[in-house]
Amino acid sequence: MKYIISLASFSFLFFSFLPAQEAQIYEETRLMVTYPFSQPDPIPTMGRIYPYFRFDGYSNKGIEKEWKMVVLENDYIRVFVAPEIGGKIWGAVEKSTDKEFLYFNKVVKFRDIAMRGPWTSGGLEYNFGDIGHIPTASTPVDYITKAHEDGSVSCIVGAIDLPSRTKWNVIIRLHPDKAYVETEVIWQNNTNLPVTYYHWMNAAAKAKGNLEFIYPGAAYIGHNGELGSFPIENDRNISFYEKNNFGSYKSYHVLNAYSNFFGGYWHEDDFGFGHLGAYDDKPGKKIWIWGLSDQGMIWEDLLTDNDGQYVEYQSGKLFNQASEGSTFTPFKHREFSPHDSDHMIDRWFPLKKTGGMVAASEYGVLNTIRKGEQLEIKFSALQKVDSKISLTQGGKLIFEEPIVLNPLELFTKTVDIPVDRHFQLQIGEQLLYYSSHPKDLFVDRPLKANPDFNWESAYGLFTRGLEHEKQRQYQQAHHFYQKSLEKEAAFAPSLNRLALSFYRKMEYEKAYELILKSLAIDTYDPEANYLFGLINEHWQKTANAKSGFGIAAQNQAYRNAGLTSLARMYMKEGNFLEARRLCKDAFAYHALNTSALEMLAIIHRLGNNQKGANATFEILQKIDPTSPFLANEKDIWSQSNELASLISNELSHETYLELALLYYSYGQKEEAINIFKKVSEQPISLLWLAHLEAKNKAQYLNKALTISPSMVFPHRRETLHLLESLMEENTSWKLKYYAALIYWNIGRTEKARALFSACQNEPDFVPFYLAKANLFSENKHLAKQCHEKAVRLEPQNWRANLINAKRLFEEKQYIQVINVAAKFLEESPAFGMIYAKALIKEGSAAKAATFLEKYEILPFEGAREGRQVFHEACIRAAQKAYKEKDYTTAINFAQKASLWPRNLGVGKPYEVDNRMEHFILFKAYNKKEDKKKALQFANLVRGHQAPNKIDGPNLLLQAALLKIDNQKVKANELINAALVHSPENQDLEWIKKAFSKDSYNLPENASDQLKLVVDILKI
């Protein structure tokens, strides 16, 4: 239930009578200009976020829309939470100055940035699961609001991450007498399997105002573990926003300092923002900058109307947001153990007139400023402080005096102090402590990979497999575990993980064979015993399963999972006495074990022990405040309607399915049936009812099979067992289709293909054929049949036509592509791209360029295609005009090639490569006998400097002009230097050979850009 729900006017009236020491919480409706998203993709797409689907429609026209906001405020700050937009904190304001320490975007401008597409800038978003911008970033989540006895208030948002089936809550809490907002994270993996681990809190702040990033550390790393120095790099002080006016987007993961704070300060505003988080909780500290060239600044207008460019300050569980390349550095990926939980607290606060920050605690913010032989001290309280402040140097007390402050009040003092000696400042008994000595801050942690590590050893290959598994790349992980065992057949870690891989794929016999080999090496191996338990539990070999879980539980790493799994088995048997003992042991070992609490709650209810149930509810409420299980159990006891009131998320039926299967896993069949009935218009729920209620089986099954499978994406392994059972009695294509999707998702593509094939041509459902074409993509003939069938079924379906147009493009049927794409140019920018590319291939590059000058593309993060196609169109048009001796037109199009039209969704970066167009301009002006301009452009090509010597096919044009200028040695030096930085670049390798032989016969695998360069060279 919603604890406090009211209109804004009623809330203000009600809270005007509250004592001044209490914080306030209320809901209001805000009318905000909104740029909506639409067009959910009905085609099942396997990958890291399945069963989620993407949204493909974005608007460049704003409409007024009402949004629910939960407002938390005290005398010092005001915080806005948007439960309908991912539950994110939409913004936060320091009330006396009305300045934002969490960027408040006054429009809701969805753009294609997140994993599923829509994303909004500003505020504070939460990321859990796999990679950034969580699937629930822009959709409604479950939430409740609470007023606490201590005068604080909370808005609690929560959701399930469907691919991992983990559950997260963020408790946003505001105390009455503190000038910070607290976010308490509780994230739980209540599944039987390890899953990917990714957690970052992503806050935003405005960029303008002479912003300085205050991040303790002497180095930074990138997503792939790339190293850099901080705050000074290449003579630039990159800790100042405006000094980042070079290169592209910036991701600085600042590290190697033992500190609990970071933030930023706008020196023009004398105001700033800060973050506090225990180092052992959140060592990750990241700065994100779009980039100060037009490449990044284009996003200012794309993501807001009038609120200006922003930056992000991010707090993470790991040192960096690791991409795949980070595997080969010390900064590897992490995983979330089965039945494990994580708990973290972050605090977000304003800096008011401190001039910066050198230390912070929950009591206040400290800054010290050296001025020759004097030290200026500024301390801004974040809560009431009644203590003393002292400064020592070399063990000698320099000064000590009382300090009494209310929140955001400022203490200032200037003292004489020798310049060449370090000092220590302290508030009270360690309310805040600061030492100026580097040894008390900096950490000497290795930043480069150990060169002696052998990636081709059994352990090296195992490590690569494990890294892939931690990124939901299960097929690649499987491959490397197999390679590891080829190196060393009895390498136990790979035996265990390959067994787990087979278990994920539901190939239990293969998994069991490997686990027996592992246990034959070490009968106490906890991982092997746990998997031994899981496999035998599936086979209902009770003694084996209990033995495996029991031995696993003797080891600390698997104690929680082992005890919980044993308790679950006894619950299903109805042995509640033993289940209760195990649940209590599991909870005593791991105080965030909600599975143990859930089983205890059921045992109390079945024993009619309301007192015990209520005590369990109280603990569950603290650990999982948005728990559907808790809401349902309360409904059973009180005949209330808390569950329906709680579930407000986008995919509410998935929450009900997850809850029903939870009860089913505890042996509570009747309760599972009751939950399934709450979503009896959803086909998967109906199929479960057909399985569980024999007397109504035919009724439920018939109804399930009459419902359209549109936007139905089954993914749970339990459902696959159900479908296999139903398919023994019913031949419906929908059952085969649903089962095929699950097989496909778990990596059993051959089984998926067999089921798709068994459906033959019976389905009249377009996504079926488009998915089948993707599944059989290597069978060009079959894929073509599927594409054509989809278009025949729905001639106006733009997705079917787009996929068909892409196939026609691959077949070089460019006229057909143009005809198809021309009909759907308003449906998706992808049609504009393929239309223009087909025009280029068909020989109408000038028409393509003219078309793209007016075509509008709303970009996505990292998008480059629009400008790339425009550039190629201009180059091809210039090339054609040159060959036709129309040098004026050639010059015109070559000059256009240098443009970066904003309507194509890509801003101009600092570093551009104009060698193609400059080469054509050199040739064209030569033909027009304008030697001065020809030489000007020739010199631009010859003098081009590739950033960091990383180069590509355009280098051939530069080398050719250097050769004409008798600088062949320099040309070879440039080619060799590029190869040093990109030794596996096949284009560069070919250029080296071709240039030395002066022969330019292209290989079959040449890139499109190299082909274009060679064409230009030949004009």
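This is a predicted model: local features need pLDDT of at least 70, side-chain atom pairs count only at pLDDT 80 or more; totals for chains, interfaces and linings use all residues.
Local features need pLDDT of at least 70, side-chain atom pairs count only at pLDDT 80 or more, and totals for chains, interfaces and linings use all residues. Residues are numbered from 1 along each chain as its sequence is written, and side-chain values use heavy atoms, without hydrogens and water.

Helices and strands are DSSP runs numbered from the N terminus (helices H or I, at least four residues; strands E, at least two). Helix α32 (residues 955–964) packs with helix α35 (residues 1008–1017) at about 25 degrees, their axes 9 Å apart. The two helices are therefore roughly parallel (angles under 35 degrees). Leu956, Leu957 and Ala960 of α32 meet Val1013, Val1014, Ile1016 and Leu1017 of α35 (heavy atoms within 4.5 Å).

The structure holds 56 salt bridges (a side-chain nitrogen of Lys or Arg within 4 Å of a carboxyl oxygen of Asp or Glu). One of them joins Glu401 and Lys413 at 3.0 Å, N to O. Glu401 lies in strand β34 and Lys413 in strand β35, so the pair ties together parts 12 residues apart in sequence.

A second salt bridge joins Glu788 and Arg807 at 4.0 Å, N to O. Glu788 lies in helix α23 and Arg807 in helix α24, so this pair links parts 19 residues apart in sequence. Glu788 is partly exposed, at 31% relative accessible area, whereas Arg807 is buried, at 8% (buried is under 20%, exposed over 50%, partly exposed in between; 1.4 Å probe, protein chains only).

Salt bridges also form a network of Arg165, Glu654, Glu658, Arg716 and Glu718.

Notes
Axes are lines fitted to C-alpha atoms, for helices over the stretch in contact, and angles run from 0 to 180 degrees between N-to-C directions. Angles under 35 degrees count as roughly parallel, over 145 as roughly antiparallel, 65 to 115 as roughly perpendicular and the rest as oblique.
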